[in-house]
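Dear colleague,

I am passing on the structure we spoke about, and below it you will find my notes on what turned up. Please read them with the model open beside you.

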Amino acid sequence: MINKIDHYSVSSMQLANSCPRAWWAKYVLKKEQASSDAASFGSQYDQQVSARLGCKIHKEEKPISRLVDGVEDAVIGYMCQPHALKTATDAQVPINISPLQWQLLAEIHGFYAEIKKPIIGFIDLWDAKNRVIVDLKTSASKRTSPGWAIQVLIYTLAQQANEAKIHLMTRTKTPAYYEYIIPISKQSLAWAMHWFTHQANEVERWLEAGCGECLPRNPDYHCSWCPEQLECPATNVILGG
């Protein structure tokens with residue numbers, strides 16, 4: 001099972017932390033993920049914001065045949081915000097941190113950390129001149145997640161960014177826009193690295209043991225995207241379907 005995955009991503013490690021079985025189903029068993037309006041909305045929102053800003057887009061996306069309801073208005077609303085990153089030069093910028101680079105980054109921050117596979121991901125918006133990272137988020141509420149901070153801090157390490165921000169758009173009756181500035185410090189970067197290293201090595205332990213059937217199922221918001229949601233006892237028995 002060890003070779004079932006060849007890289008890590010922040011989103012995959014977050015899923016592994018939230019629901020180990022859902023992670024196994026998606027990344028090891030390669031089960032098809034259930035489609036959702038929320039996921040399509042978020043993806044289209046990111047693409048349309050990047051296009052409106054005139055960024056160089058580094059990731060090839062499938063052409064959009066039809067915009068999900070509300071995406072166009074949401075993008076127009078974002079562009080009207082004073083915090084919109086209108087200085088962005090690039091979008092969907094790929095990052096790749098090798099195991100050796102990760103170890104060196106840890107040494108720079110005064111500790112030892114080892115991972116077995118590279119970390120890859122894509123930065124939503126990047127201002128190359130000012131070295132600013134922005135991660136675009138859409139959500140049903142303005143509640144934030146520590147995982148969002150971990151993501152932009154890992155990207156900060158990869159790009160040596162000066163500023164890291166989260167721009168959230170809430171899909172509420174009256175859409176709202178928020179800016180969260182993530183502090184970049186030796187302490188915050190070390191926190192993100194410690195978390196990621198622990199989770200990556202936990203995943204490697206699962207792969208080595210081949211213990212997918214024994215991994216816990218933790219029902220929560222992520223069940224909507226789980227490929228096993230219809231057969232999962234945590235949702236269909238415990239939560240009543």
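The buried residues of helix 5 pack against strand 2 (90-97), strand 3 (119-127), helix 6 (146-159) and helix 7, where helices (H or I, at least four residues) and strands (E, at least two) are DSSP runs numbered from the N terminus. This is a predicted model, in which local features need pLDDT of at least 70 and side-chain atom pairs count only at pLDDT 80 or more, while totals for chains, interfaces and linings use all residues. Residues are numbered from 1 along each chain as its sequence is written, and side-chain values use heavy atoms, with hydrogens and water left out.

The buried residues in question are Trp102, Leu105 and Ala106, buried meaning under 20% relative accessible area, exposed over 50% and partly exposed in between (1.4 Å probe, protein chains only). Seen down the axis of helix 5, they fall within an arc of 100°, and so line one face of the helix; the arc is that of the directions from the helix axis to the C-beta atoms. On the other side of helix 5, Leu100 and Ile108 are exposed, and just after the helix Gly110 takes a positive phi of about 90°.

Trp102, Leu105 and Ala106 also meet Met193, Phe196 and Thr197 of helix 7, contact meaning heavy atoms within 4.5 Å. By class, this contact has 5 nonpolar, 1 polar and no charged residues (Ala, Val, Leu, Ile, Met, Phe, Trp, Tyr, Cys and Pro count as nonpolar, Asp, Glu, Lys and Arg as charged, and the others, Gly among them, as polar). Helix 5 (residues 99-108) and helix 7 (residues 186-209) pack at an angle of about 140°, with their axes 11 Å apart; axes are lines fitted to C-alpha atoms, for helices over the stretch in contact, and angles run from 0 to 180 degrees between N-to-C directions. The two helices are therefore oblique to each other, given that angles under 35 degrees count as roughly parallel, over 145 as roughly antiparallel, 65 to 115 as roughly perpendicular and the rest as oblique.

Helix 7 is also approached by helix 1 (residues 10-18), the axes coming within 10 Å and crossing at roughly 70°, which makes helix 1 roughly perpendicular to helix 7. Their contact includes Val10 and Met13 of helix 1 and Trp195 and Phe196 of helix 7.

Finally, Pro216, in the loop between helix 7 and helix 8 (233-238), counts as partly exposed at 41% relative accessibility.
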